Amino acid sequence: MRGFLQNLRNNFARFMQGRNGMDELGRALNIVVLVLLILSIFTKWSVFYILALVLMGYMYFRVFSKNTPKRYAENQKYRNFRYDTKIKWNKKKMEWNQRKIYRFFRCPMCKQKVRVPKGRGKICITCPKCKAEFIKRS
Ligand SMILES: [Zn+2]
């Protein structure tokens with residue numbers, strides 16, 4: 001029995017050679033699949049179930065894929081996306097924490113975010129980036 005399991009493990013290791021395996025995107029897909037399956041159980045909506053199956057298929061396709069450069073690029077894209085959302089989330093959190101002292105506006109010309117002290121009435125704001133002026137109530 002022990003020899004059989006060892007053999008199975010060796011065979012699997014050989015099978016997985018040169019294949020992508022589980023990466024961060026794979027693990028994220030796994031979690032999404034689980035959430036979708038749980039949702040499908042509670043809502044009884046087949047949409048969730050079908051979506052879960054499709055994503056599961058994609059996940060296993062990526063695990064067993066031999067086109068590792070392409071899978072690596074996908075994983076990098078996912079990591080960049082996660083990094084960007086984290087930065088955005090942190091900015092939102094910072095604005096929320098400062099909401100009692102500052103107000104945040106977007107420059108109408110260049111869309112740059114501008115922070116001004118709160119409670120000064122109507123003020124003329126000069127954009128630090130493009131120097132455009134606009135009037136807002138602080
Ligand atoms: Zn501007």
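1. Helices (H or I, at least four residues) and strands (E, at least two) are DSSP runs, numbered from the N terminus. Please keep in mind that this is a predicted model: local features need pLDDT of at least 70, side-chain atom pairs count only at pLDDT 80 or more, and totals for chains, interfaces and linings use all residues. Residues are numbered from 1 along each chain as its sequence is written, and side-chain values use heavy atoms, with hydrogens and water left out.

2. The lining of this pocket consists of Lys88, Lys91, Lys92, Met94, Glu95, Phe104, Arg106, Lys113, Val114 and Arg115. Helix 4 gives the largest share, five residues. For the term itself: on a 1 Å grid over the protein atoms alone, a pocket is an open set of points where a 1.4 Å probe fits, with protein on both sides within 12 Å along at least five of seven lines, and lining residues have an atom within 4 Å of a point.

3. Strand 1 and strand 2 run antiparallel, joined by five bridges; two strands pair if DSSP finds at least two bridges between them. Phe104 has Arg115 in strand 2 as its bridge partner. Six residues lie between the two strands of this hairpin, and Lys111 in the turn has a positive phi of about 70°.

4. Strand 3 and strand 4 are also antiparallel, with five bridges. Cys124 is the bridge partner of Ile135 in strand 4. In this hairpin, with six residues between the strands, Lys131 takes a positive phi near 65°.

5. Now to the metal: Cys107, Cys110, Cys127 and Cys130 coordinate the zinc ion through SG, at 2.3 Å. Donors are N, O and S atoms within 2.8 Å of the metal (3.2 Å for Na, K and Ca), and sites may look incomplete because water is not among the atoms. Along the chain the donors follow C-x2-C-x16-C-x2-C. Cys110, in the loop between strand 1 (102-106) and strand 2 (113-117), and Cys130, in the loop between strand 3 (122-126) and strand 4 (133-137), are 20 residues apart, and the pair links distant parts of the chain.
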